[in-house]
Amino acid sequence: MRYYDNNEVIDRKQLTEIQSRRLINTVNKVYENVEHYRDKMTAAAIHPDDIRSIEDLSRLPFTEKQDLRDTYPYGMFAVNIQNIVRVHASSGTTGKPTVVGYTEQDLETWSIDIARALVAIGATSSDFIHISYGYGLFTGGMGMNLGAEKIHAAAIPASTGNTARQLQVLRDFASTILCCTPSYALYLAESLNDAGYSKDDISLRAGLFGAEPWSENMRKDIEAKLGIKAYDIYGIAEIMGPGVAYECHNQNGMHISEDHFLPEIIDPNTGERLPEGQEGELVITCIKKEGLPLIRYRTRDIASLIYEPCSCGRTFVRMTKPKGRTDDMLIIRGVNVFPSQIEEVLLTIEGILPQYLIVVDRIGNLDRIQIQVELSSQIPFDAVRLVEEKERNIKTAIEATLGISVEVKLVSPKTLARSEGKAVRVIDNRVI
Ligand code: DLL
């Protein structure tokens, strides 16, 4: 049994002391350096001096994606811009992304989070770690890369796309650990078969999959098709990126790096903290972050916390696989998509009505997103060439915003169902 560091097996009393110390430090820092937090705390009639231990956590106000939007792009950073060495971003609810910044120390902390996850699945310096998460503004690729290098394994920055080349690299470079979204892992497995190879032609023995919800059935399927053990890893850009929580060999819940992140479960409607073990919205406070230390960040993910000791010896609490979200965010091929982002693009295009329907399917383990948009009556629907050209224009505009490929289908005026209450904008046919 191996751990990356001693904090993973620290006793609860000592951990609580560390957590309280770090929480107090963080609250003071954001109060001093982030005007938005100072205002929020003043409005909630709370002062850093009121926070004496983690027992006081629930007295602090929540942070939401909207706060990051209101202070876009750097308004919530708690250090001078000179100290930021890396910036990533994730989807915002509209055209503007949510921007996150890291100091040198933050990158060190992040690399430890991922090193823990890799060591927990048995990775060593002898491994070739094939990383097929996107490298770019998305935190997946470069984040996993940090952790792979931290444990002195060889990182293979395959990034996303070009499946034929991915398969060649997997075979020829003898990758031993695969990191990507679970749906892409299944797609790779099937493509391997289609190309006339089998799991015996590759050297993989484990995979670290996350960034989207997946089920135990998917896990079994991936394990059988690739001949590996498939592990879960959770993360969120605003908090750090991948590695906020990670599975051990028991594959029964993900250990949250509690010396870096304080978890809570709340009732999403009332904001009240729920009793131990109950399911609700996961809220996380960063206690070892310098660049963007968010306080009580509402992740919108539905999960519960498992407090029973884990036989692996790690004392960090476990979270269950997130079941769903309390907002309307869709995760398409690992990329976060808000319907409002699509709507905003549609509103800029002439000749269509702001009536649309987003249909999501999973075909051959890959997500497909089709956007049906109503034509306004000004364009004769039988003008095929015009319609096709408009579809192409809309497709290009939406793809430029979302960063993933989409299908666009124009439909005749007044054909999309109108709803009397809240408009139904999304039909998600995926069975996960
Ligand atoms: O998805 C970070 C990440 C990269 C995690 C690679 C794991 C691996 P965001 O793009 O900010 O960050 O998306 C965060 O993705 O709130 C969840 O809804 C979902 N999510 C992430 N990991 C899991 C998981 C990255 N293991 C959002 N299971 C989160 C289910 C997950 N959902």
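Visitor: How many aromatic pairs does the structure hold?

Guide: The structure holds five aromatic pairs; rings of Phe, Tyr and Trp (its six-membered ring) pair if their centres lie within 6.5 Å, and planes under 30 degrees apart count as stacked, over 60 as edge-to-face and the rest as tilted. One of them joins Tyr 74 and Phe 77, a tilted pair at 5.2 Å centre to centre with 40° between the planes.

Visitor: Before we go on, what sort of model is this?

Guide: It is a predicted model, where local features need pLDDT of at least 70 and side-chain atom pairs count only at pLDDT 80 or more, while totals for chains, interfaces and linings use all residues. Residues are numbered from 1 along each chain as its sequence is written, and side-chain values use heavy atoms, with hydrogens and water left out.

Visitor: Thanks! Back to that pair: is Phe 77 buried or exposed?

Guide: Phe 77 is buried, at 5% relative accessibility, whereas Tyr 74 is partly exposed at 42%. Buried means under 20% relative accessible area, exposed over 50%, and partly exposed in between (1.4 Å probe, protein chains only).

Visitor: And what about Tyr 133 and Phe 138, how far apart are their centres?

Guide: Their ring centres are 6.5 Å apart and the planes stand at 55°, so this pair is tilted. Tyr 133 is buried at 4% relative accessibility, and Phe 138 is partly exposed at 33%.

Visitor: New topic: which ring does the charged end of Arg 219 sit over?

Guide: That would be the ring of Trp 214, with the charged end 5.6 Å from the ring centre. Lys 289 has its charged end over the ring of Tyr 102, 5.8 Å from the centre. The test is NZ of Lys or CZ of Arg within 6 Å of the ring centre and within 35 degrees of the ring normal.
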